[in-house]
Amino acid sequence: YIDVINNYDFDFWFIDELEKNGVSEDRAYRLDGYLFPDTYEFYKASSEESVIKRLLKRFDEVFVEDYRTKAAELGYTVDEVLRIAALVEKEAGGMGDIMYVSSVFHNRLKNPAYYPRMESDATTVYAIQIATGVRPDKVTPEDNKFDHPYNTYIYAGLTPGPITNPSASAIRYALYPAETNYYYFITDNAGKVYFASGITEHEQNIALVKKINDQLAG
């Protein structure tokens, strides 16, 4: 399957676009982001090519022409939209938070001079998993120093490729984020997300979340 994902010559416009724009040598898997998560049925004898093609065909159905137009309006390639959507997918605490989490990443991308890095714990998890084969259960401040191209605490901008295959909701809100002035967020262990416009407010949220987590553990 990995060989098919990385090398098979599928005939889809979005793969042509990806390869035309260039696949980063740091990218973990060529088709990360495009293997649409859904419920499928396959014959046991189905080939790897036919299975992967089915997932790609479903992605083609989901990523409609309006989405392509919107991506262009935002100045992003389809792959960049999927990289944002993957961050949103992994970081959003619940459906109600997706559009606001998306706004944080968009706001940072629009202000690279002040916010050059996405600082997403989810990218640290992916980086460690790709490098070591072990997925950490939680991320520590020390983990965020892990030197890897996917670690957005160290490297500026988006990851070399999507860190997951995002859902339809994550893709949509990566294209249509809420309009906010948020640049930070943190999630407590109950799944509630706290947003902030500046570092002082964010530090207050960090202290609040630590107190809440201690109570939950308590």
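**Legends for close-up views of a predicted chain**

View 1. Starting at the N terminus, the elements follow one another as α-α-α-α-α-α-α-α-β-β-α, where helices (H or I, at least four residues) and strands (E, at least two) are DSSP runs numbered from the N terminus. The radius of gyration is 18 Å, close to the 17 Å that the globule rule gives for 218 residues, so the chain is as compact as a globular protein of that length; this radius is taken over C-alpha atoms, and the rule is 2.2 Å times the number of residues to the power 0.38. The model is predicted, so local features need pLDDT of at least 70 and side-chain atom pairs count only at pLDDT 80 or more, while totals for chains, interfaces and linings use all residues. Residues are numbered from 1 along each chain as its sequence is written, and side-chain values use heavy atoms, with hydrogens and water left out.

View 2. Apart from neighbours within four places in sequence, P37 is in contact with N165, P166 and S167, contact meaning heavy atoms within 4.5 Å. From C-alpha to C-alpha, P37 and F59 are 8.7 Å apart in space, although 22 residues separate them in sequence.

**View 3. Aromatic pairs in the structure.** The whole structure holds 18 aromatic pairs, in which rings of Phe, Tyr and Trp (its six-membered ring) have centres within 6.5 Å, with planes under 30 degrees apart counted as stacked, over 60 as edge-to-face and the rest as tilted. Y115 and Y184 form an edge-to-face pair, 5.9 Å from centre to centre with 80 degrees between the planes. This pair links distant parts of the chain, since Y115 sits in the loop between α6 (98-110) and α7 (121-132) and Y184 in strand β1 (residues 184-187), 69 residues apart. Both Y115 and Y184 are buried.

**View 4. The ring pair of F185 and F195.** The ring centres of F185 and F195 are 6.1 Å apart and their planes meet at 50 degrees, so the pair is tilted. F185 belongs to strand β1 and F195 to strand β2 (residues 193-196). F185 counts as buried because its relative accessibility is 16%, and F195 counts as buried at 13%.

Methods: Buried means under 20% relative accessible area, exposed over 50%, partly exposed in between (1.4 Å probe, protein chains only).
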